[in-house]
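Dear colleague,

I am handing over the structure below, and the notes that follow it set out what was found. Please read them with the structure open beside you.

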Amino acid sequence: MRNVLYIAVGVLSVILGIIGIFIPGLPTTPFLLLSSWLFYKSSGRLHNWLHGSVLGKYIRRYEERRGMSWGSKFVSIACMWTMICISAFGVIENGHIRLLLLILGGIGTASVLFIVPSAKK
């Protein structure tokens, strides 16, 4: 029963992680790390699938403590700001929420630049 629960939560976590790639404010990496752990505890096949997928590269880099490359940081920040701008200026009409979204984008950018470890050459 526990394995079924771990797999269900792991699948939900993968889905949320993928959605987080496109939705500003929804984290991707924590959901993928949670999925990796849940699949490790419940299903070797799903764990291997996740690590063998496109997302597996990012999980392995984190697990090996190698950090995020500057190219990946640039792409992440560019994608984040693209979605923030689409949301803030194309969808949201409330000025307060727009300002909040821009402030959170600034915090997210600072986090990626200064908190997320950079890969060493």
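**Overall layout**

From the N terminus on, the elements of the protein chain run α-α-α-α-α-α, and the secondary structure accordingly comes to six helices and zero strands. Please keep in mind throughout that this is a predicted model. The C-alpha atoms of the chain fill a box of roughly 50 × 40 × 20 Å when it is taken along the principal axes. Of the 121 residues in the chain, buried residues make up 30%, and among contacts with a separation of 6 or more, 53% are accounted for by residues 24 or more positions apart.

**The nonpolar cores**

The largest nonpolar core has seven residues, namely Val14, Leu32, Phe39, Leu46, Leu50, Leu55 and Ile59, and the elements that give two or more residues to this core are helix 2 (29-42) and helix 3 (44-52). Apart from this core lies another, of five residues, which include Met80, Ala88, Ile92 and Leu101. As a general background, nonpolar side chains in soluble globular proteins tend to be buried together. Leu46 touches Ile7 and Phe39, if residues up to four places away in sequence are not counted.

**How helix 4 packs**

Helix 2 and helix 4 pack at an angle of about 85°, with their axes 10 Å apart, and because of that angle helix 2 is roughly perpendicular to helix 4. Their contact is made by Leu32, Leu33 and Ser36 of helix 2 together with Ile59, Tyr62 and Glu63 of helix 4, and these residues divide into four nonpolar, one polar and one charged.

Helix 3 and helix 4 (residues 56-63) pack at an angle of about 95°, with their axes 6 Å apart, so that helix 3 is likewise roughly perpendicular to helix 4. Here the contact is made by Leu50, His51 and Gly52 of helix 3 and by Gly56, Ile59, Arg60 and Glu63 of helix 4, and the residues of this contact divide into two nonpolar, three polar and two charged.

With best wishes

Methods. Residues numbered from 1 in each chain as written. Predicted model: local features only at pLDDT ≥ 70, side-chain atom pairs only at ≥ 80, totals over all residues. Heavy atoms only, no water. Core = buried A, V, L, I, M, F, W, Y, C linked by side-chain atoms within 4.5 Å. Buried < 20%, exposed > 50% of the residue type's maximum accessible area, 1.4 Å probe, protein only. Helix = DSSP H or I, 4+ residues; strand = E, 2+ residues; numbered from the N terminus. Contact = heavy atoms within 4.5 Å. Axes fitted to C-alpha atoms, helices over the stretch in contact; angles between N-to-C directions. Parallel < 35°, antiparallel > 145°, perpendicular 65-115°, else oblique. Nonpolar A, V, L, I, M, F, W, Y, C, P; charged D, E, K, R; others polar.
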